[in-house]
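This briefing goes through a single protein model topic by topic. Please keep the sequence and the 3D view at hand while reading.

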Amino acid sequence: MKIIIAENYDQMSKKAADIFANQLKEKEDSTLGLATGSTPTGMYKHLIEMYKNGEISFKSAKTFNLDEYMGLPENHEQSYSFFMNENLFDHVDINKENINIPKSNVSETEINTEVERYNHLLDNSEIDIQVLGIGRNGHIGFNEPGDAFTKNATVAELTEDTIKANSRFFDNIEDVPQKAITMGIKQIMMAKKIILLANGKSKSEIIKATITGKITPFVPASVLQLHKDVTIILDKEAAELL
Ligand code: F6R
């Protein structure tokens, strides 16, 4: 694991954006694994800036998002597809046909078909670089702590802690979806290169457990210790217990 401690959130975001930009410069048709949440928004801002300056293009890139809530209309402003349009896709030259995100507007009876569809797409692709945030409970994607590491995309029941953490984006905690489709841990681990970002004090304990603790599905991110090419980029607060 390579660990970079940045001065602050913006520096963390810039370093992550530089790694993504280099990937695109080296291979224009890279497959990018993307995340939502508050952590990567700064990185996306830097990438948009680099695109506008003519440094990079997304024209030939393909993307896979880690996860999507279940039961929200696609244009709901908390759906991850809305988030990605707002924070990246609408501002760069990506071909919308190359964007892959699980559908959020599927009913209970359609969920398994949607999971299969996403697994099929992932089975036929190879992610060159995957960006990850981390939940305070160690989740990556929506792979919550449990007795086993997940393999392929699945339906995840969000834990109380995750629902509480994500309620900051909704009017009421009751509005937070309780289920999501998430890429599985095995699929995340198959990405050629992984970058995990974390900022702020609230992530410091889980970052310590992820990097220095034992590898256990009760800290899903700890599995990253086994990956050949992981870079963890932290701000000073997230790194304070290392
Ligand atoms: C989002 C995702 C989640 C978040 C995590 C941290 O696509 O996969 O694992 O990365 O919940 O969220 P923030 O960045 O909001 O602290």
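Helices, of at least four residues, and strands, of at least two, are DSSP runs numbered from the N terminus. With that numbering, K59 is placed in the loop between helix 2 (41-52) and strand 3 (62-65). The model is predicted.

**Ligand site**

- There are 14 residues around the ligand, and T39, D67, H139, G141 and K203 come nearest.
- In the side chain of T39, an N or O atom is 2.4 Å from an oxygen atom of the ligand.
- For D67, a polar side-chain atom lies 2.7 Å from a ligand oxygen atom.
- H139 has a side-chain N or O atom that is 2.7 Å from an oxygen atom of the ligand.
- The ligand taken alone exposes 410 Å², and the protein buries 93% of that.

- E68 belongs to strand 4, which covers residues 67-69.
- A salt bridge needs a side-chain nitrogen of Lys or Arg within 4 Å of a carboxyl oxygen of Asp or Glu.
- The side chain of E68 does reach backbone atoms: the backbone nitrogen of Y80 is at 2.9 Å, and the backbone nitrogen of S81 lies 3.0 Å from a polar atom of the E68 side chain.

**Salt bridges**

- How many salt bridges does the structure hold? The number is 11.
- K96 and D90 form one of them, with 2.7 Å between the closest N and O atoms.
- Both partners count as partly exposed: K96 because its relative accessible area is 44%, and D90 because its relative accessibility is 49%.
- D161 and R136 also meet in a salt bridge, at 3.3 Å from N to O.
- This pair links distant parts of the chain, since D161 is in helix 5 (residues 160-166) and R136 is in the loop between strand 6 and strand 7, 25 residues apart.
- D161 is partly exposed, with a relative accessible area of 31%, and R136 is partly exposed too, at 40%.
- K201 and E240 form a further salt bridge, whose closest N and O atoms are 3.2 Å apart.
- K201 is exposed, with a relative accessible area of 52%, whereas E240 is partly exposed at 41%.
- Salt bridges also link K27, E126, D128 and K192 in a network.

**Surface patch**

- M1, I3, I5 and L242 make a nonpolar surface patch of about 350 Å².
- Among these residues, I3 lies in strand 1, which covers residues 2-6.

**Pairs distant in sequence**

- K59 and V92 are 33 residues apart in sequence, and their C-alpha atoms are 8.4 Å apart in space.
- K59 is exposed, with a relative accessible area of 53%.
- A148 is in the loop between strand 6 (129-132) and strand 7 (154-157).
- The relative accessibility of A148 is 54%, so A148 counts as exposed.
- A148 and P217 are 69 residues apart along the chain, with 5.3 Å between their C-alpha atoms.
- T41 is in helix 2.
- T41 is buried because its relative accessible area is 18%, and the cut-off for buried is under 20%.
- T41 and L88 are 47 residues apart along the chain, and 8.6 Å separates their C-alpha atoms.

Conventions:
Residues are numbered from 1 along each chain as its sequence is written. This is a predicted model: local features need pLDDT of at least 70, side-chain atom pairs count only at pLDDT 80 or more; totals for chains, interfaces and linings use all residues. Side-chain values use heavy atoms; hydrogens and water are left out. Patches are made of residues with over 30% relative accessible area and no salt bridge: like charges are joined within 9 Å, nonpolar side chains (Val, Leu, Ile, Met, Phe, Trp, Tyr) within 5 Å. Accessible areas come from the Shrake-Rupley method with a 1.4 Å probe; for residues, only the protein chains shown count as cover. A residue is near a molecule or strand if one of its heavy atoms lies within 4 Å of it. A polar contact is a pair of N or O atoms within 3.5 Å; within protein, one must be able to donate a hydrogen and the other to accept it, and residues adjacent in sequence count only if both atoms are side-chain atoms. Buried means under 20% relative accessible area, exposed over 50%, partly exposed in between (1.4 Å probe, protein chains only).
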